[in-house]
Amino acid sequence: MDRRKFIRRGVLASAGMAIGANVFLGTSSCKGANDRITLALIGCGGRGLGCIVNCCKINENIVIKTVCDVNKTKLGKAASEIEKTLGYTSKQVEDMKEIFDDKDIDAVWIATPEHWHMLATVLACQAGKDVYVEKNPSINIMEGRKMVEAANKYKRIVQVGFQNRSAPYALSARQYIANGKLGKIVAVKCYNMLGGGKWEEKPETPVPAWLDWDKWLGPAPMRGFSPSIVDENGRGDWLSYWAYSGGGLADDASHVMDLARFVIGDPGHPKSVYGWGGNHIFGGTRETPEYQSIVYDFATFTLSCDNACATDYMTKTPGDIRMDPTKFPNWRNNSTRTEIYGTEGLMYLGRHGGGWQVLGPNNEIVAQEGGIHPDKEHQINFIESLRSRKQPNGNAEECHRSAVLVHLGNTAYRVGNKQLLFDPATEKFTNSEEANVIAKGYYRKGYEMPENV
Ligand SMILES: NC(=O)c1ccc[n+]([C@@H]2O[C@H](COP(=O)([O-])OP(=O)(O)OC[C@H]3O[C@@H](n4cnc5c(N)ncnc54)[C@H](O)[C@@H]3O)[C@@H](O)[C@H]2O)c1
């Protein structure tokens, strides 16, 4: 047996645990493999439509009954795409309430911008629907906790779109570390060093006919429409605004940090965060920073995250490596890698597939496991959870904790590049009331997050 196969077999043999906690979420709505599952899509951008259609292709007995968007153009395109690829007509609605009121719908796929994720999730749980909600699940700490409360109270399956939790290579890395092979964890370094340039908001214009701007804003403060924020066909730059997102840290670094948390065994919250950042590179006017560097204190180790939209020469894991479990990235210029330093070795870990490799004392690879980008596995796991009522891999509690890392880092930046002390039990800051205000977020009248879910 060659060395690579030997390493792989050893790791997998010890990785016999399930990824998600084996908690059973009620019996009443159990569906067998032959029962049809009826889905609805809320937010018909590239991500939501692509994932839900793929999910229907790779799983049996699922139908997309309804698609919902406040952008008429994308709504129509989503219905056409479903007709073309799946061969039936989905109902088109512009208000997600119609989906929550429809008793036929078992589960909703939420792929709106971030400021709608949690309100839609809580409303869906209250209506008895299971949920797949995209990352970053929340836009503030408080509403992430509401997701957990709602999922528990209504015994709903809530799968967060942190798909790396369904990667077999993530599970074997977790088991490798749990077995003590890396020694004691010293430091975990997460990187999200992406490219970018100067960004300026385009002037406001009248609201275009294809958009319901009031509903797009939803819980966010009312303001005039700018084509910088929303694009008729593409994503737009809502990631540049705190009202709609947590910026690049929420968009991509959230995956890197969630995977790192998973692999080291899902530690609880850190007790403090120091974050520094700014728009000092290009000097643009985006609210979210061009670069930020964050250190989290987990008492026995630190986790850090460097997040940039200014380093074009770094590369995300290339497409051929993402889907080929025999190849590994060139770690040195891989923009979305994690380095886990133990007392016995250094693990490099990829986030778009790419697997993991451990370096020993003489710069030799002592263990490794390839792996592919696991969107498909995460979608299959969601449908299996709907049928089995077992917790999905992207369960609400752990994914909320990962999302909190994003909020901690951004809040430290927003209050002026400071160190913030955090009480893990109450999820509150103990040395900044300004930070606690950010942690509660803002909800416009008519779009309030319920106090009691
Ligand atoms: N897990 C991943 O790897 C991954 C990858 C890409 C995107 N995402 C996430 O998926 C989500 C969607 O991303 P995208 O690129 O498709 O963005 P997008 O902006 O293109 O699409 C979002 C859609 O939601 C719609 N929307 C806004 N408010 C709505 C409302 N009240 N009701 C119904 N629809 C509403 C918008 O009109 C838009 O069509 C984001 O949260 C993003 O971060 C995750």
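Helix α2 provides three residues of the shell around the ligand, the largest share. Helices (H or I, at least four residues) and strands (E, at least two) are DSSP runs, numbered from the N terminus. This is a predicted model, in which local features need pLDDT of at least 70 and side-chain atom pairs count only at pLDDT 80 or more, while totals for chains, interfaces and linings use all residues. Residues are numbered from 1 along each chain as its sequence is written.

The ligand is surrounded by 28 residues, and the closest are Gly-43, Gly-45, Arg-47, Asn-71 and Glu-134. A residue counts as near a molecule or strand if its C-beta atom, placed from the backbone, lies within 6 Å of it. At least two shell residues come from each of α2 (46-58), α5 (114-126) and α8 (213-217). By type, the shell holds nine nonpolar, 10 polar and nine charged residues. Here Ala, Val, Leu, Ile, Met, Phe, Trp, Tyr, Cys and Pro count as nonpolar, Asp, Glu, Lys and Arg as charged, and the others, Gly among them, as polar.

Helix α5 is mostly covered, with 12 of its 13 residues buried. A residue is buried if 20 or more other C-beta atoms lie within 10 Å of its own, exposed if 12 or fewer, and partly exposed in between, with C-beta atoms placed from the backbone. The buried residues of α5 include Glu-114, His-115, Trp-116 and His-117. After α5 comes Gly-128, which has a positive phi near 85°.

Next come the sheets. Six strands form an open sheet with parallel pairing, in the order β3-β2-β1-β4-β5-β6. Two strands pair if DSSP finds at least two bridges between them. At the edges stand β3 (91-93) and β6 (158-160), each with a single partner strand, so one side of each has no neighbour in the sheet. From one strand to the next the twist averages 20°. Axes are lines fitted to C-alpha atoms, for helices over the stretch in contact, and angles run from 0 to 180 degrees between N-to-C directions. Within this sheet, β4 (residues 107-110) and β5 (residues 130-133) run parallel and are joined by four bridges, and Ile-110 stands opposite Val-133 in β5. Helix α3 (residues 72-86) packs on the sheet, where α3 touches β1 (37-42), β2 (62-68) and β3, and its direction makes about 165° with that of β2. Contact between two residues requires their C-beta atoms, placed from the backbone, to lie within 7 Å.

Another open sheet has 10 strands and mixed pairing, in the order β14-β13-β12-β11-β7-β10-β9-β8-β15-β16. Its edge strands, β14 (365-369) and β16 (428-429), each pair on one side only. Strands β8 (residues 272-278) and β9 (residues 291-297) run antiparallel and are joined by seven bridges, with Gly-275 opposite Ile-294 in β9. Strand β9 also pairs with β10 (residues 302-309), in the antiparallel sense over seven bridges. There Asp-297 stands opposite Thr-302 in β10. The β9 and β10 hairpin has four residues between the strands, and Ala-299 takes a positive phi near 75°. Strand β10 pairs in the parallel sense with β7 (residues 185-194) over eight bridges, and Asn-192 stands opposite Asn-307 in β10. Helix α7 (residues 168-178) lies across β12 (346-349), β13 (356-359) and β14, at about 140° to β14.

The loop between α7 and β7 contains Gly-180. Gly-180 is exposed because 11 other C-beta atoms lie within 10 Å. From Gly-180 to Met-257 there are 77 residues in sequence and 21 Å in space, C-alpha to C-alpha.

The interior can be described by its cores. A nonpolar core is a set of buried Ala, Val, Leu, Ile, Met, Phe, Trp, Tyr and Cys residues joined through C-beta atoms within 7 Å. The largest has 102 residues, of which Leu-41, Ile-42, Val-108, Trp-109 and Val-263 touch the most other members. Not counting residues up to four places away in sequence, Val-263 touches Ala-170, Ala-173, Arg-174, Ile-177, Ile-340 and Leu-349. A second, separate core has eight residues, including Trp-216, Leu-217, Tyr-241 and Tyr-244.
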